[in-house]
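Student: I have the sequence and the model open side by side, and I'd like to talk it through with you. Could we take it one part at a time?

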Amino acid sequence: MLNQRSDVSSAFPVKLSLLSTSLFLGLFFFLPLILVFGVSLASRGMYGGITWIPTWENYQRVFDPLVGVIFFRSLLLAGLTTFICAVLGFPLAYCLARVSRPWQLILLTLVMIPFWTNFLVRTYAWVLILRADGILNSLLIGLGLLDEPLSLLFTDLSVLVGLVYGYLPFMVLPLVVAIERISPQLEDAAFDLYASMGGMFRHVLLPLSAPGFLAGGVLVFIPSLGAFITPYLLGGGQNMMLGTFIQHEFLVARDWPFGSALSFGLMGTVLLLWFLLGRASVEKDPS
Amino acid sequence: MNESVVLDKIVKTHGLVKAVDHVSLSIRSGEFFSLLGPSGSGKTTILRLIAGLDHPDQGDIIIQQRVVTLDPPHKRPVNMVFQHYALFPHLSVFENVAFGLHMKKERQTNIQNAVSHMLALVRLQGKEKRLPSQLSGGEQQRVALARALVNRPVVLLLDEPLAALDQQLRQEMQGELKRLQREVEATFICVTHQQDEALMLSDRIAVMQGGKVLQVGTPQEIYDHPVSSIVAQFIGLSNTLSGTIASCEGGVCRVDHEVLSSVLVMCSPHDPPQGAVTVMVRPERVHVSSDMSINGYDNMLSAVVHHVAFSGNEVVYHVRLRDKAIWMARVPIAEAQASSFAIGQPVYVHWRAMEGLVLPAHPASC
């Protein structure tokens, strides 16, 4: 290759970078994935090890009703998280997209600042807020609105709150980009053509923000579906999501083959949803 | 006179800037009215105030004898054609034009008929299903017109309607606009910074600068009798000469200049100007000659040819007077071919006293 450098001088760096990228992805992404896939087809040993006897049993167990409950809860929570992030994120994104430059910079920085703190620490802060003797309950009791503390922590609600809190910025940022591309003149035009506030939103802002909702939705839904830290800290042992369940299988139940099969089940679900979403958007916009 | 839109002492500030400063206008029903001025003169703000997209700090807006000062846009019988058309990019031509009627919850069959009729009027049949991005600039312009006019507005507002089009399309659309106005019988209020466009299209023009209306009148009135040198310059009068009135008798003034010889100019015999004045002469009235005196011309100044610009049907000579000012003379091509002048050649510019204008000197001019 080196002696041919003169004729492929322009292609050389491209090939090199392709090679290094493939090498990196191959070593640190595909190889582990193949290993996990291999494990998912093996059997569980007596004391939690792996016995290399090929079986489909792990994949059959994925369709167990008990797994189904966890799976359904994960889908529901991820879906709700995405929806709530969209509802909360849109007004915020709209303001961010429409304020003048210096303000936009300040406000965007404020949206990003939480990322500077460890996610684990930030999630743990919600434990302090939500638990029985936590900040929220103390406040409500102090104000005389409650007589005894609400049990907020270790519920599906507390997981939902944590997920929305964690992933909201991933919805806001793509929406800001999408809304910035919508000329304010289009809003004026809609008002001039007798649209009410709601009509303008429904017929102009919403359809034109669709790319932002789509990108934000993917960025929120997929990580929420496989979320681990949030359901682990805020959901407790009972309210498992797929992420906590997989972790449980690997480290507590020491059933690596089943945990691996679950991981592939999660991946398959995400890929299937991705495919359906792609099909739906192609049908909607044939160009 | 039947008034369509009346602005009564409108004030609108953007931050610290007075975008519109005590503007009063009354626009007649069915007329083509232009707001002419440089960018930042407040003309677009006035349009937005009439549309209801902005509200004035002071003053009143009356549309068809009804005070609408604080009404939202959808309560006004007014529609707008936006500067860059502001067509909805995700909606087809048909859906764009139907938008207003759809929002007013008209019956589907009525919408269908009205939109088809309007698309025929702007000659866009067969393009109903296209998206705005699949149309040419001229077609987009026509969709914007149809989208506004389909709502049968009493007043149509146009914000620089022709600015985004190339020269040829612009001339075509000028004719198109006049035709449309005749057919829909609405009042058209148009914002432009192009004086030729305003002169050609308008029944009346308001010349604006710095948020104030400097003059309102027909194109002819504004062209022939500008009230100030700013208006005159804006309307295409570029040749100026500052001086002081030496004498005024029988409607003719003699104006003395520091360097150049005195010139004669017609003025009002009843209200003769005094003191410092600006004399203006239209480029097409200036006669360039190598002869020092020509019969019938009252004024003569010596000059040197500075630049010659050929533009097809005429030649524009830029000549430098002895006080270093540059004057322009537009000469029809036939005349220019008979006697042409080279750069650097000494010439004499001539004009008649009745073709000059004398206006009070303005500190900003020359």
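Student: How many Å separate the centres of domain 1 and domain 2 of chain B?

Tutor: Bearing in mind that this is a predicted model, the centres of the two domains of chain B, taken over C-alpha atoms, are 38 Å apart.

Student: And which residues belong to each domain of chain B?

Tutor: Domain 1 of chain B covers 3–226, and domain 2 of chain B covers 230–360.

Student: How many residues of each are in contact?

Tutor: On the side of domain 1 of chain B there are 8 residues in contact with 6 residues of domain 2 of chain B. Strands E9 and E10 and helix H7 (219–224) of chain B each supply at least two residues of that side of domain 1.

Student: What classes of residue are on that side of domain 1 of chain B?

Tutor: The side of domain 1 of chain B that touches domain 2 of chain B has 5 nonpolar and 3 polar residues, with no charged residues.

Student: What happens in the hairpin between E9(B) and E10(B)?

Tutor: There are 2 residues between the strands of that hairpin, and B:Gly210 takes a positive phi near 55° there.

Student: Changing topic, in what order do the strands of the open sheet in chain B come?

Tutor: The 4 strands of that open sheet come in the order E2-E1-E4-E5 (chain B), and their pairing is antiparallel. Strand E2 (17–28) and strand E5 (66–67) of chain B each have a single partner strand, so one side of each is left without a neighbour in the sheet.

Student: How many bridges join E1 to E2 in chain B?

Tutor: Strand E1 (residues 3–14) of chain B is joined to E2(B) by 8 bridges, and B:Glu3, for instance, has B:Arg28 as its bridge partner in E2(B).

Student: Last one: what does chain B put against chain A?

Tutor: Chain B has 15 residues in contact with 14 residues of chain A. Helix H2 (93–103) of chain B gives the most to this side of chain B, with 3 residues. By class, the side of chain B that touches chain A divides into 9 nonpolar, 5 polar and 1 charged.

Definitions and conventions:
Residues numbered from 1 in each chain as written. Chains lettered and ligands numbered in written order. Predicted model: local features only at pLDDT ≥ 70, side-chain atom pairs only at ≥ 80, totals over all residues. Pairing = 2+ DSSP bridges. Domains from an automatic or database assignment. Contact = placed C-beta atoms within 7 Å. Nonpolar A, V, L, I, M, F, W, Y, C, P; charged D, E, K, R; others polar.
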